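The following exercises examine a predicted model.

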Amino acid sequence: MALFGSGSSSNQSQQDAKAAIIKQVQAEAAVTNARALISRVNEHCFEHCIPKPGSTMSSSEESCLSNCMEKYISMWNVVNRTYVSRISSESKRMGQDAVALSQLSTPSDK
Amino acid sequence: MDASQVDVTKLSDNDKKELNQFLASEAQKSTIQQSVHHLTDACWKKCITSRVTAGRLDSSEESCAQNCVERWMDTNLAVLKHLEVLRGQ
């Protein structure tokens, strides 16, 4: 950049600063989303696969947990796809922006 | 660069505007993701009734999940619509 004499060093550091904020926010959002998913997988699959907790975890329980985990994640993806496409068609229909609509229809966390 | 060391007051107005837009869209994304978590939770209870024996969703479970989301949205809209009626009384 200095080669062309454009962009002072402060401009460059501003670009870095902006990029750093964006990167950190994205990383934190991804961690938060993953945590929420993992805690729900845990909850549902424990409920499903370990009806009577024994003194050790059996191999059938373990394979049930693997299947359950994969199934829950596929279901999350199906729900995500369906929900996002419904929201966007709904917001087009109502002529509202998606922000207002998604806030309108946000279910409260239990 | 670590974002915690960034002095946001030094950003240009244009950068601030861009960041605000980015943050608004991230907030929206996060709201939608929370809804997806809630819905997956609810639809798992309704659609996964037999023992889990495979890691993949079978076709009936997949269509159940899709219907679950669509009807949940319908419920949402119906509630809002009726609320309008109640408010007009």
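**Exercise 1. Describe the largest nonpolar core and the elements that supply it.**

Solution. Step 1: the largest nonpolar core has 22 residues. A nonpolar core is a set of buried Ala, Val, Leu, Ile, Met, Phe, Trp, Tyr and Cys residues joined through C-beta atoms within 7 Å. A residue is buried if 20 or more other C-beta atoms lie within 10 Å of its own, exposed if 12 or fewer, and partly exposed in between, with C-beta atoms placed from the backbone.

Step 1: the residues with the most contacts inside this core are Y72(A), M75(A), V79(A), L39(B), C43(B), A65(B) and V69(B).

Step 2: at least two residues of this core come from each of α1 (9-49) and α2 of chain A and α1 and α2 of chain B. The most is given by α2(A), with seven residues. Helices (H or I, at least four residues) and strands (E, at least two) are DSSP runs, numbered from the N terminus.

Step 3: Two residues are in contact if their C-beta atoms, placed from the backbone, lie within 7 Å.

A note on conventions belongs here. Residues are numbered from 1 along each chain as its sequence is written, and chains are lettered from A and ligands numbered from 1 in the order in which they are written. Since this is a predicted model, local features need pLDDT of at least 70 and side-chain atom pairs count only at pLDDT 80 or more, while totals for chains, interfaces and linings use all residues.

**Exercise 2. Characterise helix α2 of each chain.**

Solution. Step 1: α2(A) has 36 residues and reaches 52 Å from its first C-alpha to its last, close to the expected 52 Å. The expected span is 1.5 Å times one less than the number of residues. Helix α2 (residues 59-88) of chain B has 30 residues and reaches 44 Å, close to the 44 Å expected.

Step 1: the buried residues of α2(A) are C68(A), K71(A), Y72(A), M75(A), W76(A), V78(A), V79(A), T82(A) and Y83(A). An α-helix has 3.6 residues a turn, so residues three or four places apart point the same way.

Step 2: in α2(B), the buried residues are E61(B), A65(B), C68(B), V69(B) and W72(B). They pack against α2 of chain A together with α1 (13-47) of chain B.

Step 3: just after α2(A), G95(A) takes a positive phi of about 65 degrees.

**Exercise 3. Is S74(A) buried, partly exposed or exposed, and which residues does it touch?**

Solution. Step 1: S74(A) lies in helix α2 of chain A. Step 2: S74(A) has 16 C-beta neighbours inside 10 Å and therefore counts as partly exposed. Step 3: not counting residues up to four places away in sequence, S74(A) touches R56(B) and L57(B).

For contrast, M57(A) is in the loop between α1 and α2 of chain A. M57(A) is exposed, with 12 other C-beta atoms within 10 Å.

**Exercise 4. Describe the interface and the extent of chain B.**

Solution. Step 1: 41 residues of chain A are in contact with 41 residues of chain B. On the side of chain A that touches chain B, α1, α2 and α3 of chain A each supply at least two residues, and α2(A) gives the most, with 18 residues.

Step 1: chain B has two helices and zero strands. The radius of gyration of chain B is 21 Å, well over the 12 Å that the globule rule gives for 89 residues, so it is more spread out than a compact globule. This radius is taken over C-alpha atoms, and the rule is 2.2 Å times the number of residues to the power 0.38.

Step 2: buried residues make up 19% of the 89 residues in chain B.

**Exercise 5. State how confident the predictor is.**

Solution. Step 1: pLDDT is the predictor's confidence in each residue, from 0 to 100. Chain A averages 83, and 77% of its residues score at least 70. The mean for chain B is 91, and 94% of its residues reach 70 or more.

Step 1: among the elements of chain A, helix α3 (residues 98-104) has the lowest mean pLDDT (52) and helix α2 (residues 59-94) the highest (94).

Step 2: the predictor gives the complex an ipTM of 0.86 and a pTM of 0.80.
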